Amino acid sequence: MRSTKKVKADAVVIGGGASGMLCAAVAAERGLNVTLLEPNKMLGRKLRLTGKGRCNVTNNCDPKTVIANIAGDGRFMYSAIHRFSPERVMALFEGLGVPLKTERGGRGFPESDRSHDIADALIKYMKRGGVRVVHSRAKAILTDSGGVCAVVTEDGEIGCAAAVVCTGGLSYPATGSTGDGYRLAASLGHTIVPTRQSLVPLESPDDWCAELQGFSLKNVSLSAYEDDSLVYRALGEMLFTHFGVSGPLVLSASANMRDFGHKKYRLSIDLKPGLDEKRLDARLLRDFDKYSNREFRNALSDLAGQAMIPVLVRLSKIPGDTRVNAITRAQRMSLLSLLKDFPVSVSGPRPIAEAVITAGGVSTGEIDPRTMSSKLVPGLYFAGEVLDLDAYTGGYNLQIAWSTGFAAGNSICH
């Protein structure tokens with residue numbers, strides 16, 4: 001471990017994740033003497049895990065679409081997103097030697113499908129500017145005459161005119177997301193919006209979820225309700241698990257479930273979103289005619305996956321041994337309703353350690369949205385997940401990291 005005693009820098013960036021590395025590189029490119037503090041031996045540990053190791057680096061869309069996919073107050077990001085848009089993010093990484101590709105839903109990935117390529121490109125970018133990396137933890141940010149004057153580490157003190165807090169949230173704690181940034185911000189007078197898990201699997205008391213463990217649904221429509229008011233609806237994929245449900249649709253739905261302590265939540269799955277009720281009924285009549293002499297439980301293979309059939313039979317309340325040609329119109333309507341509105345109760349989210357990101361954090365009302373500077377302490381900046389900003393799945397959360405990191409990197413020491 002290198003000592004940091006009596007060291008000076010123009011700026012200290014606290015946190016070697018996505019926003020921190022980009023911020024440090026951008027600031028160094030401007031000619032500043034930058035030190036990056038990161039307690040982990042490996043930079044970008046969480047970044048290397050994102051997208052199941054593929055790294056959904058951004059979403060190939062316009063700034064307006066990014067803002068629309070921010071679950072909270074997207075207006076805060078207006079300036080930063082327009083200044084460093086998805087197009088510019090993609091151009092940056094292409095320029096750093098990482099070809100990108102766009103997949104379904106506008107999701108941008110490295111052509112190599114290797115998240116390490118993104119993290120390593122940022123390290124190269126920092127080295128090019130002469131960023132000094134110190135593997136130590138920030139213990140405090142000191143001020144003099146109201147403004148930042150130093151950062152205290154486990155190994156000494158670094159004098160500086162600016163400090164940028166890029167410490168992430170509380171998700172993926174094994175990567176070093178321990179909430180240090182909230183403590184540092186609060187010690188300097190900043191308000192911390194209560195944190196909670198976001199983009200997280202959901203637990204359900206329904207026994208059929210565990211029964212369907214490992215069974216995935218594709219091209220279904222998922223609706224989420226808060227006290228019977230619709231808060232989310234989208235088309236995509238999801239997965240049943242031993243504890244409840246997961247998958248892209250569920251993670252995005254969870255971002256809208258912001259008050260588990262006081263509100264009730266439930267999910268509804270439209271298993272046949274491409275068919276309205278009239279067309280679905282016609283489809284059922286065709287299938288029932290095709291399998292008219294079979295028992296009901298053996299006549300659903302054209303409609304649903306094998307694992308789901310016993311659950312559909314049970315929830316439809318049609319006895320499984322009923323001959324299809326004996327099924328009444330009322331029973332058929334019961335099945336139709338179930339296919340269009342398959343219920344999943346929600347008891348709560350999985351622990352924050354299993355969440356993709358953390359919602360809550362440093363209040364954006366105390367941050368200048370153009371520069372990411374503190375309105376309370378001169379020379380103090382914030383970027384990335386430590387801020388009270390979170391978005392849906394699809395590359396939008398990393399775009400927030402890039403845009404806020406870029407804004408801070410371009411603003412410090414001006």
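## Ground rules

Residues are counted from 1 along each chain as its sequence is written, and side-chain values use heavy atoms, with hydrogens and water left out. Since the model is predicted, local features need pLDDT of at least 70 and side-chain atom pairs count only at pLDDT 80 or more, while totals for chains, interfaces and linings use all residues.

## The big picture

The protein chain has 414 residues, and 57% of them count as buried (under 20% relative accessible area; exposed is over 50%, partly exposed is in between, with a 1.4 Å probe and protein chains only). Its C-alpha trace spans about 85 × 45 × 35 Å along the principal axes.

You'll find 13 helices and 21 strands here (DSSP runs numbered from the N terminus: H or I of at least four residues for helices, E of at least two for strands). Take the contacts (heavy atoms within 4.5 Å) between residues at least 6 apart in sequence: 73% of them join residues at least 24 apart.

In soluble globular proteins, nonpolar side chains tend to be buried together. A nonpolar core is a set of buried Ala, Val, Leu, Ile, Met, Phe, Trp, Tyr and Cys residues joined through side-chain atoms within 4.5 Å. The largest one has 83 residues, and Leu47, Phe93, Ile141 and Trp402 touch the most other members. Helix H1 (residues 18–29) is its top contributor, giving nine residues. Apart from this core lies another, of 46 residues, including Leu212, Tyr232, Leu267 and Ala299.

Which residues does isoleucine 141 contact, leaving aside neighbours within four places in sequence? Among them are Ile14, Val148, Ala163, Leu184 and Leu380.

## The second largest pocket

This pocket has a volume of about 260 Å³. On a 1 Å grid over the protein atoms alone, a pocket is an open set of points where a 1.4 Å probe fits, with protein on both sides within 12 Å along at least five of seven lines; lining residues have an atom within 4 Å of a point. Grid points are joined across faces, edges and corners, and the volume is the space filled by probe spheres set on them.

There are 17 lining residues, with Arg107, Tyr232, Leu235, Ser252 and Thr393 nearest the centre. Strand E15 (229–240) and helix H9 (248–254) are the elements giving two or more residues, and E15 gives the most, with five. The lining splits into seven nonpolar, seven polar and three charged residues (Ala, Val, Leu, Ile, Met, Phe, Trp, Tyr, Cys and Pro are nonpolar; Asp, Glu, Lys and Arg are charged; the others, Gly among them, are polar).

Arginine 332 sits in helix H12 (residues 329–340), and it counts as buried because its relative accessibility is 11%. Its side chain makes a polar contact with the side chain of aspartate 281 at 2.6 Å (a pair of N or O atoms within 3.5 Å; within protein, one must be able to donate a hydrogen and the other to accept it, and residues adjacent in sequence count only if both atoms are side-chain atoms).

## Two loop residues with positive phi

Most residues other than glycine have a negative phi. Aspartate 227, though, has a positive phi of about 50°, in the loop between strand E14 (216–226) and E15. Lysine 317 has a phi near 65° and counts as exposed because its relative accessibility is 73%.
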